[in-house]
Structure formats: structure tokens, C-alpha cells
Amino acid sequence: MPTQIVVAGAIIRRTTVLVAQRLRPPELAGRWELPGGKVAPGETERAALARELAEELGLEIGDVAVGDRLGDEIALEGMTLRAYCVRLVSGEPRARDHRAVRWVTADELPGVDWVPADRGWVPDLVRTLSTPAS
């Protein structure tokens, strides 16, 4: 059986990244993650991420621009997680499928109570937020 690809978006605004607090499952509720979701059959990863971010954050698909991959992929049982840098073109994200959303700085990232899988991207996020945009 093929591995399910799950995509996550590091929505970056100036020197902050958006993190989302999980509602479920119970063992992850209250912890923070990069928002995203599963890639459907026949869907590209970037299209899936734009769709998932629109659904989860109350945005329109055109409100986000999905850019380059962030860090390495993370292998979980039956799933492969891949993160992408995302630029917010318009709109303001709000929690729809999450308890809350918030913007955090590079200095705050290590102290966030991450879901275990997303913790692997923290060094890449710190580096990305600490590098001035060209």
C-alpha cells in the first residue's frame, strides 16, 4: 500500500510563522502544528496544501502562494510529511479546524508545545525566519 503524503504549510509573514493548535485526536489536542492535510489522489502537493489551508483557516485558495519545500520530509507509520514555505497573499487566517492560531517568532519556536512530528522542522523554521527576505 502506498504511503499517504501529508503536506504542511509554514505561512510566513515578515518575521513570524503561523502555528495552529490541534483540537483532536485527544493525544495531540492542545499541541501546536503547521496547518495542512492529506494529498488526495490526482492532486499535486502544492494544490492540496492550498486547498487544505483554505479549508482549515477560512481563506480562499488564491489567498496563499505555496513556495519551496521546508526542511526534510518526516516519515511516520504509513505517512510521509512534507512542509512548504507559504506566503499569505491576502486574507487573515482564523481557526476553523483548530482551537486557535497564532503568529510566533523565531525566538518563540523552540518553546512551542509542538506535535512530535512537526518538531523536526523547528530548526528550519528558525533559520527561515532569521534570514532576511531578498
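Modeller: What follows goes through the strands, the charged side chains and the rings.

Biologist: Before we start, what kind of model is it, and what are the ground rules?
Modeller: It is a predicted model, in which local features need pLDDT of at least 70 and side-chain atom pairs count only at pLDDT 80 or more, while totals for chains, interfaces and linings use all residues. Residues are numbered from 1 along each chain as its sequence is written, and side-chain values use heavy atoms, with hydrogens and water left out.

Biologist: Okay, strand 2 then: how many of its residues are buried?
Modeller: Six of the six residues in strand 2 (residues 16-21) are buried, where buried means under 20% relative accessible area, exposed means over 50% and partly exposed lies in between, with a 1.4 Å probe and protein chains only. Strands here are DSSP runs of E with at least two residues, and helices are runs of H or I with at least four, both numbered from the N terminus.

Biologist: And which way do those side chains point?
Modeller: Thr-16, Leu-18 and Ala-20 point one way from strand 2, whereas Val-17, Val-19 and Gln-21 point the other way, and all are buried.

Biologist: Which strands does strand 2 pair with?
Modeller: Taking two strands as paired if DSSP finds at least two bridges between them, strand 2 runs antiparallel to strand 1 with two bridges, to strand 7 (residues 100-105) with six bridges, and to strand 3 (residues 32-33) with two bridges. As for individual positions, Val-17 stands opposite Ile-12, Val-19 stands opposite Arg-102 in strand 7, and Gln-21 stands opposite Trp-32 in strand 3.

Biologist: What about the hairpin of strand 1 and strand 2, which residue has a positive phi there?
Modeller: That hairpin has two residues between the strands, and Arg-14 takes a positive phi near 55°.

Biologist: Switching to strand 6, how covered is that one, and what are its partners?
Modeller: Strand 6 (residues 79-88) is mostly covered, with eight of its ten residues buried. Strand 1 (residues 4-13) pairs with strand 6 in the parallel sense over nine bridges, and Gln-4 has Met-79 as its bridge partner there. Strand 5 (residues 64-76) runs antiparallel to strand 6, joined by eight bridges, with Leu-70 opposite Ala-83. The hairpin of strand 5 and strand 6 also has two residues between the strands, and there Gly-78 takes a positive phi near 75°.

Biologist: Now the charges, how many salt bridges are there?
Modeller: The structure holds nine salt bridges, each being a side-chain nitrogen of Lys or Arg within 4 Å of a carboxyl oxygen of Asp or Glu. One of them joins the side chains of Glu-92 and Arg-13, at 2.9 Å from N to O. Glu-92 lies in the loop between strand 6 and strand 7 and Arg-13 in strand 1, so this pair ties together parts that are 79 residues apart in sequence.

Biologist: Which salt bridge does Arg-82 form, and is Arg-82 buried or exposed?
Modeller: Arg-82 forms a salt bridge with Glu-73, with the closest N and O atoms 2.7 Å apart; Arg-82 counts as buried because its relative accessibility is 17%, whereas Glu-73 is partly exposed at 40%. The side chain of Arg-82 also makes a polar contact of 2.3 Å with the side chain of Glu-45, a polar contact being a pair of N or O atoms within 3.5 Å in which, within protein, one must be able to donate a hydrogen and the other to accept it, and residues adjacent in sequence count only if both atoms are side-chain atoms. Glu-45, which is found in helix 1, has a further polar contact of 2.4 Å with the side chain of Tyr-84.

Biologist: What does Glu-56 do in helix 1?
Modeller: Glu-56 lies in helix 1 (residues 45-57), and its side chain reaches the backbone nitrogen of Gly-36 at 3.4 Å. Glu-56 is buried yet has no salt bridge, and the nearest side chain of opposite charge, Arg-22, is 7.5 Å away, where Lys and Arg count as positive and Asp and Glu as negative, with His and the chain ends not counted.

Biologist: Last one, which charges lie over rings?
Modeller: Arg-13 lies over the face of Trp-103, at 4.0 Å from the ring centre, and Arg-102 lies over the face of Trp-32 at 4.6 Å; the rule asks for NZ of Lys or CZ of Arg within 6 Å of the ring centre and within 35 degrees of the ring normal.
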